[in-house]
Amino acid sequence: MGFLFGWMYNKLWTDAQEELDSLLEQELHVQTLHPEKDRVVFFQRLATLYVRYIQILRWLEEAYDQLVHPQKRRLVREVLDGVMGRIVELKNEMVEVEFSEYHYMNDVLQDLKLTPEDIKIPIPRYFISERSKELQERNMMLTDVLDRMEVTEKPRPAAARELLPEEAASIIQVAERARQGRLRANLMKEIRRDSNRQRRAKNQDPSSADIEAAAVDIQRVWRGYIQRKRVVQARDEELVFLGMTMEPRLKQQPCPAVIAAQANEARQRIKQEENESDYQRATVSITKQLRDLEAPEIRDSMKDQIQQWFIECRDNTGSFPDYPSEEDGGSALIFMEKTPQQLMEEITRKEEEEANKKLKEKEEKEKKNKGKAGEEEEEAGLNMRPSAFLSDLVAARKTFVDIWQNRSESRNFSQRHESELIKEEKRKEIEAEVRLQVDELMRQELANLKLTADRDKGGKAKVNIKKKKGSKNAEKKKDKDLTADRSLESLHQELVEEGLLRKADNVKMQDYLGDYSYLATTLRQNDIEPMPSLCDVRQVLTLYAILPLGSRVVHKKAPLIKAILLVGPAGIGKKMLVHAICQETGATLFDLSPVNTAGKYPGKGGLAMMLHMVFKVARLMQPSVIWIGDTEKMFYKKVPKEEKELDPQRLKRDLTKMLEMIKGEERVLVVGTTKDPLNADMKSLCDMYKKIILIPRPDYGSRYVIWKQLIRKNGGEVTSALDLSSLAKISDGYTQGHMVQVIGGVLTERRISQQAVRPLTAAEFAPLLAKIDPVLLYEEEALKNWYAKTPLGKKRVKAATGKEEEEAPVKGKGAKKKRKK
């Protein structure tokens, strides 16, 4: 069975690689095309690539999760990271073409015969599985600090104090009302008991006619009930037969096939760990063996080749050559199959190219300054940007073709490692290590030869001392570490005690419920800008936050996103999304909300220390998410009087500076949330948050899904008596938070126990909904109008109205004349 599963996932990997090969050929062909001037055609090209890459990503993620061969998994991981990075690149290009964070491509799905579910971006499971031990240790460290805080902060018994007359009177009134209520309840019980006794006395001697009439009524009601039950049962059986619903027994528990598949997946993961540990042990032993047996031979052969090169250069040029520097590759240049003259020409050519580059850069700058006016007049076409991941994907494809495509594994049933491949890989590493050692020795030997040759000629030895590149940068002072004498554990403990480092809630991105927007493409074709669906929000955050935080390669090479702003009404799930990002990537969560930081680390020095500690721990415990709730308070146009004591703007300047220092290697993301961005200064807010995600109210499809899933999650049963369609219709304008509040009020323990006799109905939820104020349409329109004033929103409006050329800024002498007019 294990071999069968291994073959199946090998086949899945091969199919994904074949699809990727055709896609790479198409991308390389597209790069040779002329720039495209039609934005619609260019977007269709990007969207098609985007959808096809997502298909490949889904296959590779499944294969990587279940393959047990350790060497294959390394290559699949390399391709998987490259595909993820390419998807993020294409997403950023589509944003620049459409001037929108949300894209709708139903026509592309129709052409490729796919469903919306097929372009759902999977979150790789290795983000968590390969860091399970590390995450467990971090969780234990955080739990220990929180437990100690609970012990030390246990509330002491309050000392007895004198009550005020008003408080004493209130307590007496409450007790008296309770006593009167109990007396009234007992009195009502006696009255009901007497009325029941009198009713039984009247019905003691019923006539025969009354008995027959009662029997007929009972029969009529019973027959009607039985017939209605049979009709409902027949309808349910018909729906099951047609495949429109699932059998009731399968709704309660998964079918045996699903259980067996889950068990096999678990066994595959256990086998992965076993094969990986065997591979690590074999790597260590083979490396030691190669270092002991082959390293001396490699060292001697390298010395002989380099000495021969010295002699050939002296014979051909009359002098000993300069030894190649480490930056140029050292003796690796010598080992290339080139003559000494060719090698010397190559070195001089490189020096000339470096000098010419500087001159070209100066000329290009001058041309740019002179030709800006001409560029505005001529409309350049659209072309795909160079990718940082295509070269990696091409190299991985070559490795797949050379090693794995036609490799026979008929004897490797258990899918264990292959020693020959380990030897080939480690032999290259040992050669590189030996080459560095040989270079040091041969540089000294070459210097001695030059000194001897100069003495024989009677001249002075020329000493060429080349300054290393970056020496000026090395002289620059590094940023002062304010906590150099403190350990990570002590900094972590202090941040937890101050409430700046929190434990993320156990929610996943799939828990943020919402349906796909099926009419968005049609609306855009009719020049109507649709509001994004909650499914679109999930997709965008997966691309911008989860994939870069989870993968080092994607974060380092893909377009860097340092800060994201989530905008939406209260109860829409912004905070839940922040916690979901942390849970999906295993990220550490920091809380720098203005309300949370108020009164902590006062003064300018305290503020600098707080930010230094947060960002230092965030870098050491990356990936990290720094959450700023109610971030509009940091950018108030005018601070309200009641909030002046909190000083919400104290982080504004220093936090922006710290954000600029984040590099591509540091997986740290700042996520701000706001429900009232209209009170913030637009320019300052957009300068800090380059990506602004507008989250709308749930549409009808999303509300239907949310009601159905949340009712089931809270113990309710969705039957035919519960009209979810009407419930989704009347809840227009209500957010997910409102729905959770209403369901919690309806589904009490008593009501859940009564469902077998009295099923849930939509009418039970309506009264509680009526007590809550919904998000009105004008409030959503205000957020849309605000978003239209952001940099991306302005570009979208200009593109929609065709005013890009009219409103383009005019530079030069003509601009001043126009202003004067």
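Colleague: What places Pro623 in a loop?

Modeller: Helices (H or I, at least four residues) and strands (E, at least two) are DSSP runs, numbered from the N terminus. Pro623 is found between two such runs, helix H23 (603-620) and strand E4 (624-629). Residues are numbered from 1 along each chain as its sequence is written, and side-chain values use heavy atoms, with hydrogens and water left out.

Colleague: Which residues is Glu666 in contact with, leaving aside its neighbours within four places in sequence?

Modeller: Glu666 is in contact with His555, Arg619, Gln622 and Met661, where contact means heavy atoms within 4.5 Å. Its place is in the loop between helix H24 (652-660) and E5.

Colleague: Is Glu666 buried or exposed, and how do you know?

Modeller: The scale is relative accessible area: buried is under 20%, exposed over 50%, and partly exposed in between (1.4 Å probe, protein chains only). Glu666 has 16% relative accessibility, and therefore counts as buried.

Colleague: What about Glu780: buried or exposed?

Modeller: Glu780 stands at 12%, so it is buried too. It is found in helix H31 (residues 777-787). Apart from its neighbours within four places in sequence, it is in contact with Met531, Pro696 and Arg697.

Colleague: What is the relative accessible area of Val670?

Modeller: The value is 0%, which means that Val670 is buried. Val670 sits in strand E5 (residues 668-674). Beyond four places in sequence, it touches Lys562, Ala563, Ile564, Ile626, Ile628, Leu659, Met688 and Tyr689. The C-alpha atoms of Val670 and Leu565 are 8.4 Å apart, although the two residues are separated by 105 positions along the chain.

Colleague: What is the phi of Phe99, and where does Phe99 lie?

Modeller: Phi is near 55°, a positive value in a residue other than glycine. Phe99 lies in the loop between H3 and helix H4 (106-111). Its relative accessible area is 10%, so Phe99 is classed as buried.

Colleague: What is the phi of Tyr601, and is Tyr601 buried or exposed?

Modeller: Tyr601 has a positive phi of about 50° although it is not a glycine. It lies in the loop between helix H22 (594-597) and H23. At a relative accessible area of 14%, Tyr601 is therefore buried.

Colleague: At what angle do helix H10 and helix H11 pack, and what is that arrangement called?

Modeller: Helix H10 (residues 256-293) and helix H11 (residues 295-317) pack at about 45°, with axes 4 Å apart. Axes are lines fitted to C-alpha atoms, for helices over the stretch in contact, and angles run from 0 to 180 degrees between N-to-C directions. Under 35 degrees counts as roughly parallel, over 145 as roughly antiparallel, 65 to 115 as roughly perpendicular, and the rest as oblique. H10 is therefore oblique to H11. Leu290, Arg291, Asp292 and Leu293 of H10 meet Ala295, Pro296 and Glu297 of H11. By class, the contact has four nonpolar, no polar and three charged residues. Ala, Val, Leu, Ile, Met, Phe, Trp, Tyr, Cys and Pro count as nonpolar, Asp, Glu, Lys and Arg as charged, and the others, Gly among them, as polar.

Colleague: At what angle do H3 and H10 cross, and what does that make them?

Modeller: The axes of helix H3 (residues 70-98) and H10 cross at roughly 100° and come within 9 Å. H3 is therefore roughly perpendicular to H10. Pro70, Gln71, Arg73 and Arg74 of H3 make the contact with Gln272, Asn275, Glu276, Tyr279 and Gln280 of H10. These residues divide into two nonpolar, four polar and three charged.

Colleague: Where does pLDDT stay under 50?

Modeller: pLDDT, the predictor's confidence in each residue from 0 to 100, stays under 50 over residues 372-379 and over residues 460-478. Beyond four places in sequence, the model has six contacts for residues 372-379 and eight for residues 460-478. Where pLDDT is low, the predicted coordinates should not be read in detail. The mean for the chain is 82, and 85% of its residues reach 70 or more.

Colleague: How many helices and strands does the chain have?

Modeller: It has 33 helices and six strands. Of its 821 residues, 38% count as buried.

Definitions and conventions:
Predicted model: local features only at pLDDT ≥ 70, side-chain atom pairs only at ≥ 80, totals over all residues.
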